[in-house]
Amino acid sequence: MTAVASNTTGAVSTTTEFTPRKSGIRWNVVGRYAGIALIIVWCLLPFYWMVVVAFRQVGFTFDSTPWPTHVTMGNFTAAFDTSKNHFGRALINSLIIGSVTTAVAMVVGVFTAYALARLHFRGKFFVLGLILAAAMFPGVALLTPLFQLFTSLHWLGTYQALIIPYIAFALPLSIYTLTAFFAEMPWELEQAAKVDGATPGQAFRLVIFPLCAPGLFTTAILVFLACWNEFLLASVLPNGKASVAPVTYAIASFTGSDPKVIPYTSIMAAGVVVAVPLVIVVLLFQRRIVSGLTAGGVKG
Amino acid sequence: MVADTQAAEPAVGTEEGLKPAPSKGGDKPTRKVRSGEGLLAARLIAPAIILMLAVIGYPVVSAIWSSLHLDKNDSGLSASGFFQKGGKWVGFKYYDYWLNCGNKCVVGTTGHDFYPALQTTVIFTIATVILEVILGMMFALVMNGTFKGRGLVRAAILVPWAIPTAVTAQLWKFMFDYQGIVNHVLGTHILWTGSPTPARSAVIIIDTWKTTPFIALLLLAGLQVIPADIYESARVDGANAWQRFVQITLPLVKPALLVAVLFRVLDVLRIFDLPYILTGGANKTTTLSILVVQELKASPNNASALSTITFIFIFLVAFVLVKAMGVNVVQTQQRAVKK
């Protein structure tokens, strides 16, 4: 508790400090930058370690040198070696499942979010509550019935067995995020465009759509990330079929040449392949992602 | 739930939509606009509601139904010695299996693991939510305000959030290995996944690493709407930093904090991937979700009973939390929408 107190004390006073100190080192500022450095180290160090080990020779798996040593690309070739694992195939599967889910969830989500943000109708409160309940719904409660249903439909080990539940889970996320974005749109511009002689279609295409695009894009990223990262359904519904199983399942069930030894270096290499594109997306769009996350308030 | 929506859906269309906009001359202009909007709204919302009812509503009903019937693979002699056929109504037999296993069933059966799994799930939830809220608040306070490289810090803080849990779990499993970097840095020789306390601690540490950024971002959004001049006048009035935090920051950030806590509690109660990949559920890290998956292939109907129990448990926790904390998440959201 004391640690919290001292830390928050420092932070609060820095945020409110407007009058510059007359002399000496500004400990507030030093403290804040130290805090920021700690946060960055805490968040990035494990990721850094994954990258370092991904490039390290298998014989030096547990070498603790903190910088890259014994550099090799062998782990990446091992990760994509189809005789042991189906990591490459899993990447393609995840891309297919994620793209289809995102596309459908976006189209359906845009309709609903437009109605929630722009139209007045009875039962809006109820619809919002229903969608929120769906967002908080535990996936495990659906697992067994979906497993039984898809078994009887002979859908286990097909793409639709994952895509359909994913759409239902992605919808609350897309609807909430889009509704928050739409609510902040300057809709007067649509009216203004019509006054200036634009047809409703033109008003939407030329005025509203370009303004919506960032919000749509952000929501699509959040939905895609949520599908890409899902594990519970991904580990059960493909029924171990490598031609369908997504990448999270492939990474969790990675095996090496010796079943008793966990092939950590190849797993780290596979992890880097999965994580680096996500990290780049996050770097490029951090501002938008944060606004989307906090607008929707729903965890991806 | 199902019946309610079906009742509410046509209501939107019929009561307000029955009067077609053009036929009624100009007697009620505002009403006219609204009736058209009701119909349009019903049409726009219907696909999402139908999809969610099909994939969420139907399975819930189906799970309850099958949990009250004998499993197809489970046909055999009943407790009273009669032959039972799969699919037959068995009432609360499966619920009894999970809830009252204690003195009836053999050690090592899944039924025996129910209360330990419940305990593990609750421990994970309480520990991670407390840690994440405290750390998240510290992160948010440090990040609030303007400083050089804000974007970079925000990007760094998003990295643990963006990496899939499956990758996170494997990464930390490697770091928590007996020969791994954690033991090396700490100078310890702990078999992290080898006994209950270290294994549970590992799960809690990893989840905290992964999710604190999310909490921090939600809280930061709450902090940023607090006007700086409130702090300034409190300072003039002689309030010290701790008083300012307790009396200004906390009450004003409370709505954001409560929503974050609610989301996190409901999220950790269904935790699966992290302990499943880290330990496979060994050493008292089996959560309720892991138990459902373990039972799934042996007896789906029995697993349905457990998943229904889990669902009801999570629902009750959500209900109690919403009542106790006085958060009305829906209202908060609707206010945001109306803004």
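In this predicted model, helix α4 (residues 114–143) of chain B packs against helix α8 (residues 196–224) of chain B at an angle of about 45°, and their axes are 6 Å apart. Because angles from 65 to 115 degrees count as roughly perpendicular and those under 35 degrees as roughly parallel, this angle makes α4(B) oblique to α8(B). The crossing in which α4(B) passes α8(B) is right-handed. Sorted by class, the residues in the contact of α4(B) with α8(B) are 17 nonpolar, five polar and three charged. Two packed helices are described by the angle between their axes and the distance between the axes.

On the side of chain B, 98 residues are in contact with 95 residues of chain A. Helix α2 (residues 29–67) of chain B gives the most to the side of chain B that touches chain A, contributing 18 residues. By class, that side of chain B consists of 67 nonpolar, 20 polar and eleven charged residues.

The confidence scores come next. The model has an ipTM of 0.85 and a pTM of 0.83. For chain B the average pLDDT is 79, and 79% of the residues score at least 70. Residues 1–33 of chain B have a pLDDT below 50, yet this stretch has 37 contacts in the model beyond near neighbours in sequence. Where pLDDT is low, the predicted coordinates should not be read in detail.

Conventions. Residues are numbered from 1 along each chain as its sequence is written. Chains are lettered from A and ligands numbered from 1 in the order in which they are written. This is a predicted model: local features need pLDDT of at least 70, side-chain atom pairs count only at pLDDT 80 or more; totals for chains, interfaces and linings use all residues. Two residues are in contact if their C-beta atoms, placed from the backbone, lie within 7 Å. Helices (H or I, at least four residues) and strands (E, at least two) are DSSP runs, numbered from the N terminus. Ala, Val, Leu, Ile, Met, Phe, Trp, Tyr, Cys and Pro count as nonpolar, Asp, Glu, Lys and Arg as charged, and the others, Gly among them, as polar. Axes are lines fitted to C-alpha atoms, for helices over the stretch in contact, and angles run from 0 to 180 degrees between N-to-C directions. Angles under 35 degrees count as roughly parallel, over 145 as roughly antiparallel, 65 to 115 as roughly perpendicular and the rest as oblique. A crossing is left-handed if the near helix is turned anticlockwise from the far one by less than a right angle, and right-handed if clockwise. pLDDT is the predictor's confidence in each residue, from 0 to 100.
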